[in-house]
Amino acid sequence: MKSTESPPDWASVEVAVPRQPGRLPGVSMAGFRQRAPARVDIAMVAHPSVTLFVDLSDSLVCDAHGRRECGSTVVGLVPGDLRLGDRAAGGIECLQIRLSPVLAVAVFGASTDLSGTVVTLEDVWGRDAGRAEERLRAATSWDERFTIAADALGRRMSARPSLDPEVAAAWWLMLTSRGRVRVDSLASEVGWSRKRLWSRFRSQIGLTPKHAARLVRFDHAAHLLAAGNAAAQVAAESGYVDQAHLHREVKAFTGVTPTAVAAAPWLAIDDVAWPTSFADLTPSTSSSHQVPAN
């Protein structure tokens with residue numbers, strides 16, 4: 001995450017969320033539209049989901065590891081240095097979809113190839129990507145877009161095999177424990193050996209169980225930091241040995257310090273775009289940027 005970024009002025013950004021979230025468990029969506037033209041260059045923060053950006057303005061650019069992808073993109077788990085911007089200062093309009101890695105397997109196929117990468121939607125969806133984009137751009141409301149996206153995702157989920165139930169259970173245990181679970185305990189809970197869990201989890205999710213648990217714990221800590229909590233308190237509440245341990249993990253996932261993560265522009269809007277995800281974080285501030293889908 002670089003200090004030279006130009007985050008959007010959130011007061012000029014319309015944020016829309018589905019009126020009935022949770023239609024597809026493990027899928028969360030939010031729509032973004034800049035009301036005033038402005039150049040955007042913003043660093044993204046690693047999140048325990050596979051993220052799909054649908055470009056509705058023909059201007060979106062994702063830059064990861066020096067590789068630039070234009071248009072609709074799919075961002076795998078732990079993409080590293082990832083920046084989102086636009087090709088011109090005309091403003092961005094996009095639909096962002098977060099998929100649980102468990103569902104990403106059904107939507108995109110085995111997620112191993114997506115881990116740590118950014119690819120175009122066409123690369124993983126083929127011609128269906130173009131058809132979905134056309135329908136979403138032609139829609140006249142965010143409600144209609146959310147419905148179109150949910151239908152497209154639902155069809156792909158029903159047409160593809162899901163991952164092992166033991167792997168899905170292990171992922172759920174990671175989420176509910178906020179990453180504070182040992183691999184031995186996970187293996188015992190799902191009835192597998194540690195070696196089998198490591199192998200199957202790695203092949204289907206794209207990360208080892210230990211790395212995935214670290215990502216989930218980091219995500220919780222990052223949002224506590226963004227909510228205004230002191231680093232020492234966050235370290236204690238997130239299960240890190242001490243503040244230095246938190247510092248090392250934050251650096252490993254973002255390349256910057258906990259202080260910089262606390263001010264990360266994208267985290268500042270997370271509780272607006274996904275208001276039910278972080279309701280238990282304190283202190284929290286309400287925002288007036290959220291608008292109902294219409």
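Visitor: Which residues is S49 in contact with, leaving aside its neighbours within four places in sequence?

Guide: In this predicted model, S49 is in contact with V75, G76, L77, R98, L99 and P101. The word contact is used because heavy atoms of the residues lie within 4.5 Å.

Visitor: Where in the chain is S49 found?

Guide: S49 is in the loop that runs between strand 3 (41–43) and strand 4 (50–55).

Visitor: Why is S49 called buried?

Guide: The relative accessible area of S49 is 5%. Buried means under 20%, so with 5% S49 is buried.

Visitor: How much of the chain is made up of buried residues?

Guide: Buried residues make up 54% of the 294 residues.

Visitor: What makes strand 5 and strand 6 a pair?

Guide: Strand 5 (residues 60–64) and strand 6 (residues 67–70) share four bridges, in the antiparallel sense. A pair needs at least two bridges, so with four bridges these strands pair.

Visitor: What do strand 5 and strand 6 form, and which residue in the turn has a positive phi?

Guide: The two strands form a hairpin with two residues between them. In the turn, H65 has a positive phi of about 55 degrees.

Visitor: How many helices and strands does the chain have?

Guide: The secondary structure comes to 12 helices and 11 strands.

Visitor: What share of the contacts with a separation of 6 or more comes from residues 24 or more positions apart?

Guide: Such residues account for 73% of those contacts.

How values were computed:
Residues numbered from 1 in each chain as written. Predicted model: local features only at pLDDT ≥ 70, side-chain atom pairs only at ≥ 80, totals over all residues. Heavy atoms only, no water. Buried < 20%, exposed > 50% of the residue type's maximum accessible area, 1.4 Å probe, protein only.
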